[in-house]
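Student: I'm new to this one and could use a hand. Can we go through how its parts meet?

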Amino acid sequence: MPDRLEDFRKEIAEWIAENLPDALRGQPRNEDTICWGGRKWEFRSQAQKDWLERCHARGLTCPRWPVEYGGGGLSRNEEKILRDEMDRAGAPSPLDSFGIWMLGPALLQFGTPEQKAEHLPEITAGRIRWCQGYSEPGAGSDLANVQTRAEDMGDHWLVNGQKIWTSYADKADKIFALVRTDRDAPKHLGISFMLIDMETPGVSTRPIRLISGASPFCETFFDNVKVPKEGAIVGEMNRGWDVAKYLLTHEREMIGGGSGGLTSGATLSEMIGDMDMVAGADPVIRAQAMELEVDSLAFCLTMERYKDMAESGAGVGHASAMLKYYGTELNKRRQEIIMSTRGSEALDWGEGLAAPWLRSKANSIEGGTSEVMLDIVSKRVLELPSK
Amino acid sequence: MERLVDTEDEGMLRDAARGFLDENAPVSAFRTNRDAGRAFDPGLWREMAQMGWAGVLIGEDHGGADMGHRAAGILAEEMGRTLAASPFLSSAVIAASTMRVAGSDRLSQIAEGTALYALAVDEGPKHAPDLTAMEARPEGNGFRLSGRKVFVADGASADRVLVLARSGEGEEGLTLFDIDTARAGLAHTAADSIDARDFATLDFENVEATGEDVVGEVGGGLAALAPGLRAGQAALAAELSGLTAGISAMTLGYLKERKQFDRTIGSFQALQHRAAHLFAEIEVTASAVAHAGRVLDHEPERAQLAVSLAKARATQTAKLAVMEGVQMHGGIGMTDDYDAGFFMKRARVGAEWLGDYGHHAAIVAAMRGL
């Protein structure tokens with residue numbers, strides 16, 4: 001490894017040692033410990049607040065973003081080192097948000113200088129929490145069928161319609177949404193990618209209670225919502241589908257986001273405990289766990305290989321749909337095995353196993369179902385005919 | 001560590017190998033060999049050796065090309081794609097890797113392609129080196145070997161055989177020998193293997209082995225064998241990965257061409273989703289195979305997990321690919337005139353050779369604390 005990277009590793013390890021509050025060290029990652037930020041955010045502890053502010057000041061909430069927007073300006077290799085050192089120190093992610101994962105990359109690719117300057121620093125600092133308004137009751141797998149309308153009223157857009165499955169809409173400050181700006185165009189070509197403040201009159205949300213008991217998703221309603229035109233649309237008007245597609249591909253390539261390799265992350269054995277104690281008498285469960293372990297490790301390596309492919313310029317393109325398909329199906333298998341190894345113990349909500357098991361069923365639905373992913377692979381990668 | 005994608009040199013090696021094999025060892029050449037009752041074509045092997053393939057894992061001081069395990073895997077993948085039969089795995093990978101660590105003056109003959117080796121480990125229907133029972137009875141300064149080895153790849157054509165035998169109790173009681181196959185008391189019986197390659201049963205009856213025939217240390221047979229076994233398992237996984245690519249390309253071609261109900265059968269979503277799922281399994285396995293080569297090149301002492309992962313995955317994916325291949329071809333896939341069956345039979349042999357799925361999945365699970 002070049003000296004420059006070794007120096008960086010040393011520097012970042014020292015910085016983490018000095019700045020990571022002890023209270024956060026080695027915390028499990030869950031809804032009680034994640035920091036989402038935003039105007040309505042209440043920090044879980046002073047330590048969480050300190051950690052966010054220190055990381056932001058160092059550009060570490062968005063390590064790869066340009067420094068001028070509050071990012072770290074790091075290279076891929078530096079980011080990998082940062083992640084390794086954060087893992088090693090047991091440091092939690094300082095900030096999670098749809099702004100970091102989705103809107104930011106879209107703005108960096110399609111945004112005007114003004115849009116970048118307005119929104120990116122708010123995201124890196126954790127001051128604005130974004131949510132994603134894509135799906136509608138009649139536009140699930142057929143996402144391009146969105147019907148939420150934005151009418152041109154001269155100085156503003158008048159938005160009417162309904163979104164569904166909006167993650168954390170009730171907690172978000174702003175929404176990036178796919179809205180129809182041309183009703184006469186073919187359905188992929190009349191959609192724009194629009195930024196809307198959730199505090200605008202006419203925007204309302206209603207949480208949806210899921211089978212897991214949680215309500216991370218909402219319905220979002222737009223009732224004569226006036227959106228000022230200035231900077232409202234990202235990318236070209238009526239070409240929002242391009243932005244959405246870019247983001248979906250980006251999202252699929254980023255799935256997992258772990259550092260890959262064979263030694264990172266919790267092993268299945270750590271997650272289910274001693275096999276001999278819990279499932280020693282059941283050779284079938286044991287065999288299923290062994291098979292899952294083989295497939296999971298190979299999948300970790302595949303994420304690493306796809307990142308290498310993307311970095312080397314070979315491109316991954318539509319094959320990233322495969323990662324989304326495989327990774328989510330693996331996670332469902334994992335949750336099933338965890339449930340069956342723990343038997344009746346796992347059936348009590350208080351044990352905390354049932355909720356993630358039920359939640360995992362959404363993995364292969366949200367962000368494009370497994371069946372849509374298989375369609376993409378067969379048509380775009382394998383080029384199988386349509387008739 | 002190097003990335004999991006091919007380097008520029010590796011890409012060139014792959015292109016050169018593919019060009020050579022497409023021209024000189026297409027699946028039709030395998031069919032010709034099979035029909036002639038020939039396990040491999042010695043002329044083809046000479047040409048492979050001239051290109052440096054026989055010395056891919058041998059140092060330049062012994063006349064090798066010293067390209068490493070990932071490169072050996074790329075060659076094996078390309079050979080798997082066209083079912084090219086050769087002594088590559090037995091001699092250039094398994095024997096070369098074993099002898100390189102142990103140190104041997106026969107390395108240069110392996111690199112030239114003139115010394116053909118076989119590995120004799122299995123004694124029953126499943127690969128289990130630590131359960132080796134074959135007797136190595138001390139006599140004078142040497143040993144006498146007696147017992148039977150089965151499923152010995154290239155066992156009928158090899159000049160020399162690496163044989164694991166029991167010289168004492170327990171795991172420390174195994175010794176690896178390097179024996180001339182012409183030695184008195186050693187007889188082979190060629191098996192009629194479904195993949196039409198050379199597999200043989202070797203019977204040892206009081207075969208003399210001197211101290212000079214010991215590879216590594218007396219009692220250190222498993223350790224002496226480990227580098228060769230791991231290298232062979234990784235290269236076999238690569239061959240299976242190439243075989244999978246070969247049958248899948250045939251199957252996709254058929255899906256795009258065959259018409260029923262006035263439609264191309266590849267337009268049916270039921271088949272599209274199965275083909276897409278197979279693509280996913282192929283991609284995931286390809287990562288494990290590339291990774292095993294990388295780890296063998298950079299951290300050989302820590303390679304067992306990576307190698308077993310690759311062999312386990314490659315075995316399962318090849319099985320899926322050949323089953324889907326035959327099924328999607330329909331009746332023609334069942335005929336001997338069509339090539340799909342060749343892939344299925346080689347995949348079954350490759351599944352068992354050097355440890356099956358269960359053997360390697362158990363190693364992975366144990367190393368991961370399951």
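Student: Let's start with Arg31(B). What does Arg31(B) form a salt bridge with?

Tutor: Its partner is Asp339(B), and the closest N and O atoms of the two are 2.9 Å apart. Keep in mind that this is a predicted model.

Student: Okay, and where do the domains of chain B run?

Tutor: Domain 1 covers 8-114, domain 2 covers 119-222 and domain 3 covers 225-367. That puts Arg31(B) in domain 1 and Asp339(B) in domain 3.

Student: How many salt bridges are there across the interface of domain 1 and domain 3 of chain B?

Tutor: The rule finds 4 salt bridges there. It also finds 7 residue pairs in polar contact across that interface, both residues being at pLDDT 80 or more.

Student: Which elements of domain 1 of chain B give two or more residues to the side touching domain 3?

Tutor: Those are α2 (27-35), α4 (69-82) and α5 (88-102) of chain B. By class, that side of domain 1 has 8 nonpolar, 7 polar and 6 charged residues.

Student: And how many residues are in contact there?

Tutor: On the domain 1 side of chain B there are 21 residues, in contact with 29 residues of domain 3. The area buried between these two domains is about 2100 Å², and carbon and sulfur atoms give 67% of it. Their centres, taken over C-alpha atoms, are 20 Å apart.

Student: Switching topic: what about chain A and chain B? How much do they bury between them?

Tutor: About 3600 Å², with 67% of that on carbon and sulfur atoms. Of the area chain A buries against chain B, 17% is supplied by Val294(A), Arg305(A) and Leu382(A), more than any other three residues. The contact takes 45 residues from chain A and 38 residues from chain B.

Student: Which element gives the largest share of chain A's side?

Tutor: That's α9(A), with 18 residues. The elements giving two or more residues to this side are α3 (76-89), α7 (268-272), α9 (283-311), α10 (320-342) and α12 (370-381) of chain A.

Student: Last one: how do the residues on that side of chain A divide into nonpolar, polar and charged?

Tutor: They divide into 23 nonpolar, 8 polar and 14 charged.

Conventions:
Residues numbered from 1 in each chain as written. Chains lettered and ligands numbered in written order. Predicted model: local features only at pLDDT ≥ 70, side-chain atom pairs only at ≥ 80, totals over all residues. Heavy atoms only, no water. Contact = heavy atoms within 4.5 Å. Buried area = accessible area lost by both parts, 1.4 Å probe. Helix = DSSP H or I, 4+ residues; strand = E, 2+ residues; numbered from the N terminus. Nonpolar A, V, L, I, M, F, W, Y, C, P; charged D, E, K, R; others polar. Domains from an automatic or database assignment. Salt bridge = Lys/Arg side-chain N within 4 Å of Asp/Glu carboxyl O. Polar contact = N/O pair within 3.5 Å; in protein donor to acceptor, adjacent residues only side chain to side chain.
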